[in-house]
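Please brief me on the salt bridges in this structure. Where do they sit in the chain, and are their partners buried or exposed?

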Amino acid sequence: MVGGAPGSLVGIGRSAEEAGQGDPVAREIGTTWKTPVLLAPVRYLRGFVRRSPSRAAVLIFFVAAGLFTLLLKLPIASADGRSAPLEDAVFTATSAVTVTGLTTVDTATQWTFFGQVVILLAIQAGGLGIVTVALLLMQAVTRHLGVQGRVFAQQNMGGASQIGEVGRLLRTVVVTTLTIEAVLVLLLAPRFVMREEHWWEGLWSALFYGVSAFNNAGFVIHEGGLTPFEGDLWILVPIMLGVFVGSFGFPVFLTLIMHKWHRRKWNLHAKLTLATTTILLAAGAIAWGVLEWGNEHTVGHLNPAEKAFHALFASVMMRSGGFALTDTNESTPITLLVSDALMFVGGGSASTAGGIKVATLAVLFLGIVAEARGDRHVIAARRRIPDGTLRLAISVTFLGATLVLASTALVMTVSNAPLDRILFEVISAFATCGLSVGLSAELEPFGKYVLSMLMLAGRIGPISLAAALALRQRNRLYTLPEERPIIG
């Protein structure tokens, strides 16, 4: 069709400026680029994001991972002065942006101070949420966060029941994150300054571990990880508390800020998250302690008090922290299986933790209890949970299990490692946990790329799915006959 029909790129005989009069993006680019064909990718990308705001989150995470990969590829980032292998740069950048903590190279020896700064910035960007950073930049430039931006934030961050609350949520996320990280740094700095050779090295260690702990990243900058600090409670306790608090999620922080410890005023999400987190913490500590109590390769040689602390520390880290005081590869197969389960669950919604989230597990469990009792509705804390929420929990869990299954199969094609080691590494990547049995460093480049994609999928997959499903509502004007298939 000749002449600017709807859907055509540019009408025949029209300039790029004329064609873009109704489109600010096209008008701006058209004044510089005289070739109309160059507008096609811009328009397609804009339409792609507009059709689903959650797609923007996916795009931003991929762009961020690519940017930090380029920075880690610079010779100045590597200790040997040469450009790092592409697969290692991609893996490390992705692991940092998704606040996972898995590594294919030793962070302490492979990367220079510049490289470690890049990793820290990637952790901070991923922890704050690349989405949050993008929205804050948008607001700083335009002085206004439009409806599209507010819906975008509401979907990808959680905690705002109304679109008008998103601006307050953004400020709360940034202030809360920086405040807690500052407290952790202040707690860690004196002890690190005492232990390090130079005071500035102590301050750097405190800053790195404070940010890494709250963001559940699990990255370490000392050879041997946290093993050199075993028994030093002045370092281990703040790190453990930072990971534990970071796994709550910003919606819980908002509730605590508004209502303090008045439990009756808490919303259902906060109650479910804190209750389930406490139960999993206790269950994980007991299970890990019992299974590893006599293992001489981990904690069998320690006294009971030290074993109990190790069990508590491990329980916190198995749900997305990623720090380890013992060699995970020396744990018993049953311990690895328990760790798989806890890692798969992860932490709180809209938190720095990964997994399917504890609220998802709570809703699934409550649904099973309601079905066993013959109740028509799922009830918790004198509130009825909508049927749609239960279906959403099932969908997120099924997606997570499918990603783990497919990734495990792909890794098995390039690795001869036992299934329990492969499954552990895959779940750790999906749940953005960071605990490792050393398999990541042993894999061929293809396996490293598979885990890199899985870390991205684990970070944004359940979020995007939940956002997409939550917005899709179809109101049928008719009802079909009911018929039940045989289940079980």
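Predicted model: local features only at pLDDT ≥ 70, side-chain atom pairs only at ≥ 80, totals over all residues.

Residues are numbered from 1 along each chain as its sequence is written, and side-chain values use heavy atoms, with hydrogens and water left out. A search of the whole structure finds 5 salt bridges (a side-chain nitrogen of Lys or Arg within 4 Å of a carboxyl oxygen of Asp or Glu).

**Asp88 and Lys448**
- Asp88 pairs with Lys448 in a salt bridge, with the closest N and O atoms 3.1 Å apart.
- Asp88 lies in helix α5 (residues 86–97) and Lys448 in helix α21 (residues 445–471), so the bridge ties together parts 360 residues apart in sequence.
- Helices here are DSSP runs (H or I, at least four residues), numbered from the N terminus.
- Asp88 is buried at 9% relative accessibility, and Lys448 is buried at 8%.
- Buried means under 20% relative accessible area, exposed over 50%, and partly exposed in between (1.4 Å probe, protein chains only).

**Arg421 and Glu442**
- The side chains of Arg421 and Glu442 form a salt bridge at 3.6 Å, N to O.
- Arg421 is in helix α19 (residues 419–430) and Glu442 in helix α20 (residues 439–442), 21 residues apart.
- Arg421 is buried at 14% relative accessible area, whereas Glu442 is exposed at 51%.
- Elsewhere, salt bridges with shared partners join Arg191, Arg195 and Asp232 into one network.

**Arg195 and Asp232**
- The closest N and O atoms of this salt bridge between Arg195 and Asp232 are 2.8 Å apart.
- Arg195 is partly exposed at 37% relative accessibility, whereas Asp232 is buried at 6%.

Note on methods. Helix = DSSP H or I, 4+ residues; strand = E, 2+ residues; numbered from the N terminus.
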